[in-house]
Amino acid sequence: MLICIVSSPVWSGNDDDPLCKSIQVQKQKNKIYELLNYIGNISGYYFIYDSKVVDNDKKSRLQAGTYSIRDAIYQVLQSKNYCLRTVDRYILITNIETPSQTKYRSTISKSKDSAAYIEISGSVMERLTKEPVPYCSVNLEGTTLGTITNNNGKFVLRVPDSLFSRRLHVSHIGYESHLIPVAFIEGTPIDVYLNPRIVPLQEVIFRLVNPAKIVKEVLEARNRNYLDKPSYLTTFYREGVERKKEILRLTEAVFKIYKQSYSSSFSSDQVKLLKMRKITSDAVKDSLILRMKAGVEGSLMLDLMRNIPDFLEINERNIYDYTKIDMTEIDSRMAHVISFEQRKEITEPCFRGKLYIDAENSALLCAQLEVHPQYIDKAEELFVVKRGKNVNVHPQQIIYSITYKELNGKYYISHVRGDLFFKMKEKRQLFYTPTHLFFEMVTCKVDTIHVQPFPKDERLPVKKIFSEERFVYDNQFWGDFNVILPEENISKNLSRIASKIEESVE
């Protein structure tokens, strides 16, 4: 999908067919991508297409003159062997052989409970650099149904047929967010190009800013900004171990979380395991596999608005310095960017990072954290458990990302990601081997009606090593549930793993 900077449209023609309207163009020679941008600027339309259908980087040209929008597009594409369709201010370009929407809807997938859904897939990239945008939020407008892009900017979202009339909301920190009609893109893989969000000078108020005061206001506004009653979160969870770019263990699950009210600080969140699957490489000795220490519990603890960290508590015992470094846009809202770091006299392993705080309502929208690299060697026992007897392990980098989303005026935890990098070696090894532990959890659905705590016998003990949990594998379920697509390196490695998906029994 090409997102253009839309200027005032100058066109005329037959109102019955928008593509028959005339536009006046100047002589141009450029890549197809840039020429379609040019047509979009003049006509006021956005373009959506799959880069496998339209070659972005192919050279083309426009001859000066007055053309219909359709003819101008065909001239750029150097062929009329394309189907052009408009909805609102979007033009969809597909191969002329593409089945009609009616035919596609007759083949909509059905899950085992007969609920029909529509699958939407694509890639999100930055418009200027064409680099993928990882961890980009992809949601249905006005709902909590959604997913995120993987590290390669790719996503897939299964949308219930009942929500077919909604729009897809694509957003990321520092970029302009966009809404795309679902009805327009079903069954057609799309490339979404996001524009960086540049804050015009007239939007910036020049005044003295106390960054610590901005952080303090986050907690003061917590009760009004975040869910004030218990809720159910249906989440997708993934954790794994990677060594020398090879996946040693990958575990995925779907949880139902009983999330306590953000105003309640006495009771813990509860987790119920719905489904689980696990893949382990048979070629790797188990003694070399680091086990993540409480990855599920870590995901829950990283809900910073439920478990207030010391860097959010502004008082006389605070050990951090704060600096305002920028303004940015998140989900079409302006946000302060506040950096924090432990004071120089503090030598224990503490966090440093950036906080993204809504400039209007003081809600924490995102946090990016890392254990201070200067003191990370003191943090080993905080993150690793169950290593081999003769294995030496040293942490190299520990980083986390936490994102919140808004629904009906209240915020909920949307995405948590942790990446833990270590170097390790056995007693007889000469060199250390880089090892990467990772986990992430994304909220796919939020329910606030008829919410009750789980019975004790249904609760998952979150302090346990999750990859050792026993489960029953359900292949049919995994075909229908929204998940985060595996990253490219994970996908390639999984194809080399000899063992199949493990099927354990309770």
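Modeller: Happy to! A salt bridge here is a side-chain nitrogen of Lys or Arg within 4 Å of a carboxyl oxygen of Asp or Glu. Please keep in mind that this is a predicted model. By that rule, the count comes to 23 salt bridges.

Let us start with Arg417, which forms a salt bridge with Glu440, their closest N and O atoms being 3.0 Å apart. This pair links distant parts of the chain, with Arg417 in strand 27 (residues 410–426) and Glu440 in strand 28 (residues 433–447), 23 residues apart. Both Arg417 and Glu440 are buried. They also belong to a network of salt bridges that links Arg238, Glu252, Arg277, Arg417, Asp419 and Glu440.

Another pair is Arg158 and Glu119, whose side chains meet at 3.3 Å, N to O. Arg158 counts as buried at 15% relative accessibility, whereas Glu119 is partly exposed at 33%.

Asp57 and Lys31 make a salt bridge too, at 3.8 Å from N to O. Asp57 sits in the loop between strand 4 (46–49) and strand 5, and Lys31 in strand 3 (residues 28–31), so the two tie together parts 26 residues apart in sequence. Asp57 is partly exposed, with a relative accessible area of 45%, and Lys31 is partly exposed as well, at 32%.

Finally, Lys27, Lys29, Lys59 and Arg61 gather in a patch of positive charge on the surface. Of these, Arg61 is found in strand 5 (residues 59–62).

Notes: Residues numbered from 1 in each chain as written. Predicted model: local features only at pLDDT ≥ 70, side-chain atom pairs only at ≥ 80, totals over all residues. Heavy atoms only, no water. Patch = residues over 30% accessible without salt bridge, like charges linked within 9 Å, V, L, I, M, F, W, Y side chains within 5 Å. Areas by Shrake-Rupley, 256 points an atom, 1.4 Å probe, with all protein chains shown as cover. Lys, Arg positive; Asp, Glu negative; His and termini not counted. Charge placed at Lys NZ, Arg CZ, Asp CG, Glu CD. Helix = DSSP H or I, 4+ residues; strand = E, 2+ residues; numbered from the N terminus. Buried < 20%, exposed > 50% of the residue type's maximum accessible area, 1.4 Å probe, protein only.
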